[in-house]
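This report looks at charged side-chain pairs and at one strand. Keep the structure in view while reading.

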Amino acid sequence: MDLEKHPKKPAAPVAPGAIRASDADRDRVADILRDALAEGRLDADEHSERVDAVYRAKTVGDLEPLVGDLPAGAGGAPRPAAGPEPRAAYGYGQEGAGAPADTLVAVFSSNVRKGRWRIGPRTNAFSLFGNIEVDLTEALFAQRETVINATSVFGNVEVRVPENISLRGNGTGIFGNFEVRTLEGPDPDAPVVIVNGLAVFGNVEAKPKRGKVIADLRDRLRKRLG
């Protein structure tokens, strides 16, 4: 019996392409694809197929072929994110921190999220000849900042928010309409919803819903639990 102690072999380094993809990695690739669609480098069908593959990708290597033939992705696989971005503490819980982005897809169909539901930090909405409705008027916000990335190709994406939150937006309409009615919540700690979008022969719209405020839901819950 050999009783000599042998030093453990160092673990082999992980190849860059084998690194697990983060939500930030997927979001960066989705942004590249959105720009390629806007520039005419991809048609609607190609864009739809690649976006679907983006959110099924497990590793950084899985993402590389999706943008390898595009200028922004010609340098190789997307670099993995250094780490989670710092989140400001505003008295909200951390439920959902680090969770994968929610994905809403409507292809020749409709997809509706409404009522009392918990909205995550990021939601990706893609409509191709379809309709997506995201109603946040009774949603539960576990974080202060919520980002919705909306892409509409010959379709429609509508976002409705309470009147007493902050709503901001950044997007483009190409033979389509991108409209965000920005507002600033009266409470500095109110949730912030950011809508980023691209509308190609379609519509992306975000605005407050008259008469709906977060306090309404909180009051009802307080009475129910009291």
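## Salt bridges in the model

A salt bridge here is a side-chain nitrogen of Lys or Arg within 4 Å of a carboxyl oxygen of Asp or Glu. Side chains of opposite charge can pair when their charged atoms come close. The model is predicted. By this rule it holds 7 salt bridges.

## A pair within helix α1

Start with aspartate 25 and arginine 28. Their closest N and O atoms are 2.5 Å apart, and the two form a salt bridge. Both residues belong to helix α1, which covers residues 23–39. They sit 3 residues apart, about one turn of the helix.

Is aspartate 25 buried or exposed? Aspartate 25 has a relative accessibility of 1%, so it counts as buried, the cut-off being under 20%. Arginine 28 has a relative accessible area of 34%, so it is partly exposed.

## A pair across the chain

Aspartate 135 and lysine 209 also meet through their side chains in a salt bridge, with an N to O distance of 3.4 Å. This pair links distant parts of the chain, 74 residues apart. Aspartate 135 lies in strand β5 (residues 131–135). Lysine 209 lies in the loop between β12 (203–208) and α4 (214–225).

The accessibility values can be read in turn. Aspartate 135 has a relative accessible area of 3% and is therefore buried. Lysine 209 is at 32%, so it counts as partly exposed.

The side chains of glutamate 179 and arginine 181 form a salt bridge at 3.5 Å, N to O. Arginine 181 has a relative accessible area of 43%, so it is partly exposed. Glutamate 179 has 28%, so it is partly exposed.

How many bridges pair β10 with β12? The two strands pair over 4 bridges, in the parallel sense. Across this pairing, asparagine 177 stands opposite asparagine 203 in β12.

Methods. Residues are numbered from 1 along each chain as its sequence is written. This is a predicted model: local features need pLDDT of at least 70, side-chain atom pairs count only at pLDDT 80 or more; totals for chains, interfaces and linings use all residues. Side-chain values use heavy atoms; hydrogens and water are left out. Buried means under 20% relative accessible area, exposed over 50%, partly exposed in between (1.4 Å probe, protein chains only). Two strands pair if DSSP finds at least two bridges between them.
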